[in-house]
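Let us walk through this structure by its side-chain contacts.

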Amino acid sequence: MNDDRERQTRLASLAHCKGLGEKVYDDMYEAHSFSQASGCYSDAKEFFYEAIRLADELGLTEEANSLGKRLDHIKGVFRSQFAQ
């Protein structure tokens, strides 16, 4: 029972990190300076790295791979649209 509760907590944390990562990615487009965009990008990376870590710990290989691809996409967008 305790293991199930812990797994549910980790799944909720995974969903939360994913959601926050997507939110700050969206915020990156609303940034009014390179500095703001860079901060959003940094936050997005951290949230996605944490989500990937949680997915790996939970044995959710496909989810971890999907999150990794999403993170790669975000990195590519930042580099092509915001990097100086």
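A search of the whole structure finds 7 salt bridges. A salt bridge here is a side-chain nitrogen of Lys or Arg within 4 Å of a carboxyl oxygen of Asp or Glu. Side chains of opposite charge can pair when their charged atoms come close.

The model is predicted: local features need pLDDT of at least 70, side-chain atom pairs count only at pLDDT 80 or more, and totals for chains, interfaces and linings use all residues. Residues are numbered from 1 along each chain as its sequence is written, and side-chain values use heavy atoms, with hydrogens and water left out.

Start with K18 and E63. Their side chains form a salt bridge, 2.8 Å from N to O. K18 sits in helix α1 (residues 2-30) and E63 in helix α3 (residues 61-81), so this contact ties together parts that are 45 residues apart in sequence. Helices (H or I, at least four residues) are DSSP runs, numbered from the N terminus. K18 is partly exposed, at 33% relative accessible area. E63 is also partly exposed, at 23%. The scale is simple: buried means under 20% relative accessible area, exposed over 50%, and partly exposed in between (1.4 Å probe, protein chains only).

Now look at R70 and E22. A salt bridge joins their side chains, again 2.8 Å from N to O. This pair links distant parts of the chain: R70 is in helix α3, E22 in helix α1, and they are 48 residues apart. Both are partly exposed, R70 at 27% and E22 at 26%.

K23 and D27 also meet in a salt bridge of 2.8 Å, N to O. They are 4 residues apart in helix α1, so about one helical turn separates them. K23 is partly exposed at 45%, and D27 at 28%. Elsewhere, salt bridges link E6, R10, E50, R53 and E57 in a network.

Turn to the rings. The structure holds 5 aromatic pairs. Rings of Phe, Tyr and Trp (its six-membered ring) pair if their centres lie within 6.5 Å; planes under 30 degrees apart count as stacked, over 60 as edge-to-face and the rest as tilted. Y41 and F78 are stacked, because their ring centres are 4.0 Å apart and their planes at 5°. Y41 lies in helix α2 (residues 34-57) and F78 in helix α3, so the pair ties together parts 37 residues apart in sequence. Y41 is buried at 8%, and F78 at 6%. F78 also stacks with F82, 5.8 Å centre to centre, with 20° between the planes. Both F78 and F82 are buried. Ring pairs join Y25, Y29, F34, Y41, F78 and F82 into a cluster.

Methods:
Helix = DSSP H or I, 4+ residues; strand = E, 2+ residues; numbered from the N terminus.
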